Amino acid sequence: MKYLLNNVSSMTVLLEANGLPYSIPIHPNLVHLTLGLFIVAIAFDIVAALYPLEKPIFKFLAIPATSSGLYDVGWYNMIAAAVVTFFTVAAGFYEIILANPPDDIVSPWGLNATDTMVWHGIGGVLLLTLIVGMTVWRGFQRYVWREDRARQVQWSYLGAGLLIFVLMFAQGTLGAHLGGDFGVHVTADRLIYAGVNPNEEIGKALSDTPVTEVVKQPRIVGPREFGPGSGPDSISQE
Amino acid sequence: MFENLLPPLNNHNLPYPDTIHPIVVHFVIAMVLFAIVCDGIGYFTKNKSLHEVGWWNMVFATISIFIAIVFGQVEAGLATPYAAAAGDLNLHTIIGWSLSAILAAITGWRYIIRLKSPGVLPATYMGMNAVLTVIVLFQVYLGDKLVWVYGLHTEAVVEAARAGLLK
């Protein structure tokens, strides 16, 4: 519970309860964009490279498709992934700095919260580098090396993309551990660690009363004795 | 009768390690929003490549949303939402199902536009894109609340719910 209350300042309960100056973490939302754009870019380049095999399928579906249109998705989505990922990593580091996770839990991979954050941070910088590198590589293939070829991408580029999928899976799992196991920036989890019932707290989201005050007030509904911190050192005792 | 076919539920109350729905929705959120960006730029620049990119991203998003709903229903069913979370989970479910119909309709409309007048998008379609942006962003906000505010399927919330402390 100490890790919650250290951070409690003068902001509203909900805003401070997740340890951030805003109510919803930004990094996980930008992650949607990074992963979606990168994976679809590689997927469409694969589909485009195998276009001769798929021609009858597109014909059967009555969907006009050209390999150049499919390669356009591979290229533009990859550029967008590279641009967005700078913001994804920046937001991630900001939210790592503000993280205050429990130090007595180990993730399913046997790492504590700090190690998980360090690996996730290293992985983020590594993936940003790889995504930017892939974008540059893709650009050279599209406009210089393979401009006049039917197949716009090298097989090695597609292979590299698939290897990066594996890294992304590991990186994503570390991120899932941070949110799902350690409860980093999860409002309800941090309330529970502090011995406060999120059911009662979140309903008071717009209140200006800090958590420390709320738990001293008469409860609105349900029992207050609650969660792992309901022992003698808990702040939740009435 | 199927209970014994699934692995036991873990400390996230899931029969598999981590939630899958938030992964699948990458391909709805990112693809819809990027399609709309490409359509927006392509609308003014008349860049045919960007129209193709917009179209294919919408196709990918439309396929993905149905997979997202399947996992969303499974994980909503196992979420054991407490009172404060139940309202937003219900709203997220209703909008999610509606969004699948909306996306399918828009992509179908786009299919016809692409056949009949490739490289030209009607202003009404662009207006529909604007409405779609608002719905998708609101749906993302609700999903974010379920994970990051209510902590559904996080270890602490599952533990508290199983102990009967969170109802």
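**Exercise 1. Confidence**

Task: Find the mean pLDDT of chain B and the scores of the model.

Solution: 
- Step 1. Start with chain B. Its mean pLDDT is 92.
- Step 2. In chain B, 98% of residues reach 70 or more.
- Step 3. Turn to the whole model. Its ipTM is 0.92 and its pTM is 0.85.
- Step 4. Keep one caution in mind. Where pLDDT is low, predicted coordinates should not be read in detail.

**Exercise 2. The two chains**

Task: How many helices and strands does chain A have, and how many does chain B have?

Solution: 
- Step 1. Count in chain A. There are ten helices and zero strands.
- Step 2. Count in chain B. There are six helices and zero strands.
- Step 3. Look at burial. Chain A has 238 residues, and 42% of them are buried. Chain B has 167 residues, with 44% buried.
- Step 4. Look at contacts that span at least 6 positions in sequence. In chain A, 73% of these join residues at least 24 apart. In chain B, residues 24 or more positions apart account for 76%.

**Exercise 3. Where the chains meet**

Task: Which elements of chain B give two or more residues to the side that touches chain A?

Solution: 
- Step 1. Count the residues in contact. Chain B brings 36 and chain A brings 40.
- Step 2. Assign the chain B side to elements. Helix 2 (26-45), helix 3 (48-77), helix 4 (83-116), helix 5 (123-149) and helix 6 (155-162) each give two or more residues.
- Step 3. Sort that side of chain B by residue type. It holds 25 nonpolar, seven polar and four charged residues.

**Exercise 4. The nonpolar cores**

Task: Which residues touch the most other members of the largest nonpolar core?

Solution: 
- Step 1. Name them. They are A:Leu37, A:Val40, B:Met31, B:Val32 and B:Ala61, in a core of 56 residues.
- Step 2. Find the suppliers. Helix 3 (27-49), helix 5 (67-97) and helix 6 (113-145) of chain A each give at least two residues, as do helix 2, helix 3, helix 4 and helix 5 of chain B.
- Step 3. Pick out the largest share. Helix 3 of chain A supplies 14 residues.
- Step 4. Zoom in on B:Val32. Leaving out residues up to four places away in sequence, B:Val32 touches B:Ala61, B:Leu132 and B:Val136.
- Step 5. Look beyond this core. Another core, of 32 residues, lies apart from it and includes A:Ile192, A:Ile202, B:Ala84 and B:Val149.

Methods
Residues numbered from 1 in each chain as written. Chains lettered and ligands numbered in written order. Predicted model: local features only at pLDDT ≥ 70, side-chain atom pairs only at ≥ 80, totals over all residues. Contact = placed C-beta atoms within 7 Å. Helix = DSSP H or I, 4+ residues; strand = E, 2+ residues; numbered from the N terminus. Nonpolar A, V, L, I, M, F, W, Y, C, P; charged D, E, K, R; others polar. pLDDT = per-residue confidence, 0-100. Buried ≥ 20, exposed ≤ 12 C-beta atoms within 10 Å, placed from the backbone. Core = buried A, V, L, I, M, F, W, Y, C linked by C-beta atoms within 7 Å.
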